[in-house]
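Subject: Structure handover and notes

Dear colleague,

Please find the structure below, followed by notes on what turned up in it. Could you read them with the model open?

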Amino acid sequence: IKFDPSTYEEQMRIMLALSDSAADAALVLWPETALPGFYQTGYGAPANPNLDQLMAHHRLHVEQAWIVGASTVEWHQDKEHAGPYARCLDEGGLRWYTAYNSSLGFPPLRLETDSAMPLLYHKSKLVIGVEKLPYPWFFQAVSKVISVDLGGMSGQLGHQTAHIPMTMQLRYPSLRKSKGERLQRIPLKAATLICYESIFGEFCGEFVRNGANLLCVITNDGWWGPTDGHRQHLAWARLRAIEYRRDVLRSANTGISATINQRGDLLDTLGWDQRGLVKGQLRLNSAMTFYARHGDFIGRIAGMITALTLLIAWVRQRIPAKPLKAHP
């Protein structure tokens, strides 16, 4: 339903109802671009009615943390204040904006009246031909024709360079109870990997080295169709769990939502084209694995061996062969 703007109201209703059914959860994760419409910020940004509705609903669950996928827009005062990936809205060049594929973080609220703006992470690894065009100075004129829309923002998007996990305090009931139920606070540092980002091992390692103790994958796998693509995408998430010994929470539109432990085991899943909720207990881990420290060392060693082998073969071809001596 997320591909048709006429269904935005229904989409919001479904997502909020599913979140209500997870009232006992410490963390709720929505899929990629799950917030209908756009979250707009910056100079002269218009109102965000869908965001206002989301924040009002989150205040009904003040002890929960929510992470929500969204298409976001940052408005700029003029061309001089716009970044390198900004677009012009009108022919006169008066309105400039930068579009992002983002995740919004809503920490637990101290009071029901709290109205802090959400934490923001903008997708860093952009899909070429969908969210990013090579040589934009050349392709800009035909970007609307050659870019592919796969259910979110398309064309040349902005991106974030710092791979900083989303930090907030999770709250859950402590095992020790005194004078009623007490809430224990646990620091969450979530790497909010958006779709395509989860297939890059060393890229994910940047979040881990910056303190991430949980990997959250939000994705829209609806455009795969009933192929093996969405299954392979899930397999990449399992590999990330093994590499970094981090639990993975995966929320997928149409694809496979899942909870994955640090060994890469699937604890619970919600299959293709199924609507529902995946719940589970996850462990937060801050320990650094060998792979987290050193990255794709096997690939680098193999590359060095390959280069050395080619160099030896080239040198041997350049050295003339010694003539054989005839024996009397």
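A residue is called buried under 20% relative accessible area, exposed over 50%, and partly exposed in between (1.4 Å probe, protein chains only). This is a predicted model, in which local features need pLDDT of at least 70 and side-chain atom pairs count only at pLDDT 80 or more, while totals for chains, interfaces and linings use all residues. Residues are numbered from 1 along each chain as its sequence is written, and side-chain values use heavy atoms, with hydrogens and water left out.

Salt bridges

Side chains of opposite charge can pair when their charged atoms come close. A salt bridge here is a side-chain nitrogen of Lys or Arg within 4 Å of a carboxyl oxygen of Asp or Glu.

Glu-206 pairs with Arg-209, with 3.0 Å between the closest N and O atoms. Both residues belong to helix 5 (residues 201–209) and sit three residues apart, about one turn of the helix. Helices (H or I, at least four residues) and strands (E, at least two) are DSSP runs, numbered from the N terminus. Glu-206 counts as partly exposed because its relative accessibility is 33%, and Arg-209 is partly exposed because its value is 33%.

Asp-221 and Arg-250 form a salt bridge at 3.1 Å, N to O. Asp-221 is in the loop between strand 9 (214–220) and helix 6 (229–244) and Arg-250 is in strand 10 (residues 248–253), so this pair ties together parts that are 29 residues apart in sequence. Asp-221 and Arg-250 are both buried.

Lys-123 and Glu-131 also meet through their side chains, at 2.8 Å from N to O. Both Lys-123 and Glu-131 are buried.

Of the 11 residues in strand 5 (residues 96–106), 11 are buried. In a regular strand the side chains alternate between the two faces of the sheet. Both faces of strand 5 are covered: one side includes Trp-96, Tyr-100 and Phe-106, and the other includes Tyr-97, Asn-101 and Gly-105.

Two strands count as paired if DSSP finds at least two bridges between them. Strand 5 has these antiparallel pairings:

- Strand 3 (residues 65–76) pairs with strand 5 over 11 bridges, and Val-68 stands opposite Leu-104.
- Strand 4 (residues 87–88) pairs with strand 5 over two bridges, and Cys-88 faces Trp-96.
- Strand 6 (residues 119–122) is joined to strand 5 by four bridges, with Gly-105 opposite Leu-119.

Gln-169

Gln-169 is in strand 7 (residues 166–173) and is partly exposed, at 38% relative accessible area. Leaving aside residues up to four places away in sequence, Gln-169 is in contact (heavy atoms within 4.5 Å) with Pro-108, Arg-185, Ile-186 and Pro-187. The C-alpha atoms of Gln-169 and Ala-65 are 8.0 Å apart, although the two residues are separated by 104 residues along the chain.

Cysteines

There are zero disulfides (pairs of cysteine sulfur atoms within 2.5 Å) in the structure. Cys-195 counts as buried because its relative accessibility is 9%, and Cys-204 counts as buried because its relative accessibility is 0%.

Regards
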